[in-house]
Amino acid sequence: MAAARRWFLARSLRERWSVGVAAALAVAVLVWAGVIRPLGDALDSARTRHTDAVTRLGETRAMVAALPALKQQPAEPTGVPLEDLIRSKAADAGFALDNVTAQPGGTVQIVLPSARPGPLFAWLAGLEEGGVLVGSLAMRDGGDGTVACDIVLKPRGR
């Protein structure tokens with residue numbers, strides 16, 4: 001620091017002012033580029049994520065509020081037994097079912113030995129859109145990114 005101070009004091013008054021102004025501008029640019037701008041970008045990103053989360057929360061609450069009425073609404077008759085409908089939908093989705101058993105009360109129990117969770121839940125959502133609801137679901141980790149499931153399905157309105 002002593003060498004820098006000697007160098008600075010050896011400058012004329014006009015050069016000292018120029019070096020001081022240049023140093024102040026450099027500090028201002030570093031503060032703007034290193035602190036203010038990243039914080040502004042982070043706040044904008046947080047506002048966007050918050051808005052998206054509030055929108056998704058409202059949509060989810062609306063779907064949950066509509067669920068009791070949807071469960072009571074009877075499914076449109078397909079003319080096909082529920083077991084056969086589930087077998088065909090599973091085959092269309094590429095799932096090999098180990099066991100499909102009709103249960104009392106119009107429910108069907110299925111055993112799915114191996115499925116990836118994403119496609120499984122997409123398939124179940126498609127069944128629900130078609131009027132077949134999940135009564136219960138038991139999943140076990142397959143250890144290789146898959147799950148094994150025991151699922152009880154029932155027609156909507158029961």
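Among contacts in the chain (heavy atoms within 4.5 Å) between residues at least 6 apart in sequence, 50% join residues at least 24 apart. The model is predicted, so that local features need pLDDT of at least 70 and side-chain atom pairs count only at pLDDT 80 or more, whereas totals for chains, interfaces and linings use all residues. Residues are numbered from 1 along each chain as its sequence is written, and side-chain values use heavy atoms, with hydrogens and water left out.

The chain holds 4 helices and 4 strands, where helices (H or I, at least four residues) and strands (E, at least two) are DSSP runs numbered from the N terminus; along the sequence these elements follow the pattern α-α-α-β-β-α-β-β. The radius of gyration of the chain is 32 Å, well over the 15 Å that the globule rule gives for 158 residues, so the chain is more spread out than a compact globule; the radius is taken over C-alpha atoms, and the rule is 2.2 Å times the number of residues to the power 0.38. Along the principal axes, the C-alpha atoms fill a box of roughly 100 × 35 × 20 Å.

Of the 158 residues in the chain, 16% are buried, a class that requires under 20% relative accessible area, while exposed means over 50% and partly exposed lies in between (1.4 Å probe, protein chains only). The chain exposes about 11100 Å², of which carbon and sulfur atoms supply 61%; accessible areas come from the Shrake-Rupley method with a 1.4 Å probe, and for residues only the protein chains shown count as cover. The mean positions of the 18 positive and 15 negative charges are 18 Å apart, with Lys and Arg counted as positive, Asp and Glu as negative, and His and the chain ends not counted; each charge is placed at NZ of Lys, CZ of Arg, CG of Asp or CD of Glu.

Leu120, placed in helix α4, is buried with a relative accessible area of 0%; when neighbours within four places in sequence are left aside, Leu120 is in contact with Phe95, Leu112, Ala115, Met139, Val147, Cys149 and Ile151. The C-alpha atoms of Leu120 and Phe95, 25 residues apart along the chain, are separated by 8.5 Å. With neighbours within four places again left aside, the contacts of Leu153 include Leu82, Ile86, Thr107, Val108, Ile110 and Leu124.

Thr107 lies in the loop between β1 (99–102) and β2 and is buried, with a relative accessible area of 16%. Beyond neighbours within four places in sequence, Thr107 is in contact with Thr101, Ala102, Val152, Leu153 and Lys154.

Helix α2 (residues 13–72) contains Leu30, which is exposed with a relative accessible area of 62%, and also Val31, which is partly exposed at 40%. Leu30 and Thr55, 25 residues apart in sequence, are 37 Å apart in space, C-alpha to C-alpha, whereas Val31 and Asp150, 119 residues apart in sequence, are 59 Å apart by the C-alpha to C-alpha distance.
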